[in-house]
Amino acid sequence: MIRIFEFDALKPEEILNRDIRAEADVEATVDAIIADVRARGDEALKEYALKFDHAKIDDLRVSQQEIDEAFAAMEPDFLKTLEMAADNIRAFHRQQVHKDFMLERGPGITLGQKYTPIEKAGVYVPGGTAAYPSTVLMDVIPAKVAGVSEIVMTTPAGKDGKVNPAILAAAVTAGIDKIFKTGGAQAVAALAYGTESIPAVDKIVGPGNIYVATAKRKVFGKVGIDMIAGPSEILVLADGKSNPAWVAADLLSQAEHDKLASPVLVTDSMELAKAVQAELEVQIPQLPRAAIARESVDTNGKIVVAADLDRAIDAANIIAPEHLEVCLDDPFAVLGRIKNAGSIFMGRNVPEALGDYFAGPNHTLPTSGTARFSSPLGVDDFVKKSSFIYYTRDALGKVQGRIADFAEHEGLHAHAKSVTIRFEEDN
Ligand SMILES: NC(=O)c1ccc[n+]([C@@H]2O[C@H](COP(=O)([O-])OP(=O)(O)OC[C@H]3O[C@@H](n4cnc5c(N)ncnc54)[C@H](O)[C@@H]3O)[C@@H](O)[C@H]2O)c1
Ligand SMILES: N[C@H](CO)Cc1c[nH]c[nH+]1
Ligand SMILES: [Zn+2]
């Protein structure tokens, strides 16, 4: 059963209790997998597919024939759903595109900043205990909008050695270039270092379980990563007027992802707390993924009762959840006070699942409290900025003394000389 705590009686570590540092055995496992993939490439990937996914893989790359078969197997109405979701996601992410700028800073001086898409992006799509075609759309569409030249996707194959057809259909809908059948830490290693089949990429994005998240942390530096998007989290901030059955359903929508998922209710009403606690016990047994949801709720779930709504918002800001539902009559009245949350679901009619699948904002979001400094996946993750500087000779001449002075104060004579030499008569 989910436990109820009083906010003012909790210590900060009891509130947070999510750690992005994996346990030592996960760290060691991931280190060994990365080293193995670097040493043995495709052969190691095939062995891990057999070991972890019970999948015998001959060719790691998904063929055009497999893609055609996947499309043929899809219900036309589901393809329509994919298209509609993709349209919403594309429309939202197009708003994120930044403009280059140029600044005339004085006579003969032009400064500027330009955006360039990264060349090769690797997208990890989870496929262990559930298939996530929605994640394909969320991760590939911003890369396309950003103008990435090559988008490579990896996802674990099922026991039949095939990738879930809905994942393939979503990948094509989103505009993927290449798809490979590999998952877990080994997929991350392959994308970072390359293998005979899989090209090394510049940046790896996408969520995954603790092995995937740990591997991404470890290859960071060799490649870019988006964020630590680990086991899912939901924090429902709800007042006493909220419907306990709806709140429980929303908590379970994330609890069913992973036994490590974290469903949290923060409320100013002990009555709602007890009603939701009871309602969870009614709804959990009805779920096909009841075992996962049960472990998530009992081990990583909690209900926090705060003295008032203000303190409840403080609790939400400390927890910094991946998803924050604001189940209040006027969510806009508190929006300004919410500082730390990956994605905010405003009002009583916005179950988190609306954002997971359809509304348009990204569902790949920072977890484990990293919403304090990280943002949702977006177009920004697939571009980089370069600044540029243009001075005419006259413009440089006017400030040469200043630059040389600055350089000499740092003891860097060569810096100074590189400026002044341009104005020496015999040069
Ligand atoms: N934050 C987000 O945006 C977001 C979005 C969707 C899903 N998620 C999360 O993604 C995760 C998906 O997890 P999943 O497990 O279903 O799929 P996954 O694809 O992330 O992981 C499956 C892989 O994990 C590896 N693995 C499993 N057990 C292992 C072991 N004992 N040792 C080494 N490797 C092992 C295997 O290689 C397997 O292929 C969930 O935690 C879910 O909550 C997060
Ligand atoms: N809630 C997940 C992010 O934590 C995303 C997702 C995909 N499918 C369903 N849910
Ligand atoms: Zn979800």
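Author: Helices here are DSSP runs of H or I with at least four residues, numbered from the N terminus. This is a predicted model, in which local features need pLDDT of at least 70, side-chain atom pairs count only at pLDDT 80 or more, and totals for chains, interfaces and linings use all residues. Residues are numbered from 1 along each chain as its sequence is written, with chains lettered from A and ligands numbered from 1 in the order in which they are written.

Reader: Which helix gives the most to the shell around ligand 1?

Author: That is α3, with 3 residues. Its run is 42-53, and α8 (184-193) and α9 (210-219) also supply at least two residues each.

Reader: What makes a residue part of that shell?

Author: A residue is near a molecule if its C-beta atom, placed from the backbone, lies within 6 Å of it. By that rule 31 residues surround ligand 1, and among the closest are G128 and G183.

Reader: Why are 14 residues of the shell called polar?

Author: Asp, Glu, Lys and Arg count as charged, Ala, Val, Leu, Ile, Met, Phe, Trp, Tyr, Cys and Pro as nonpolar, and the others, Gly among them, as polar. The shell therefore divides into 14 nonpolar, 14 polar and 3 charged residues.

Reader: Which domains does the shell draw on?

Author: At least three residues come from each of domain 1 (4-19 + 231-360) and domain 2 (24-106 + 118-226); such bounds come from an automatic or database domain assignment.

Reader: How do you know what confidence the predictor has in the chain?

Author: pLDDT is the predictor's confidence in each residue, from 0 to 100. The chain's mean is 95, and 98% of its residues reach 70 or more.
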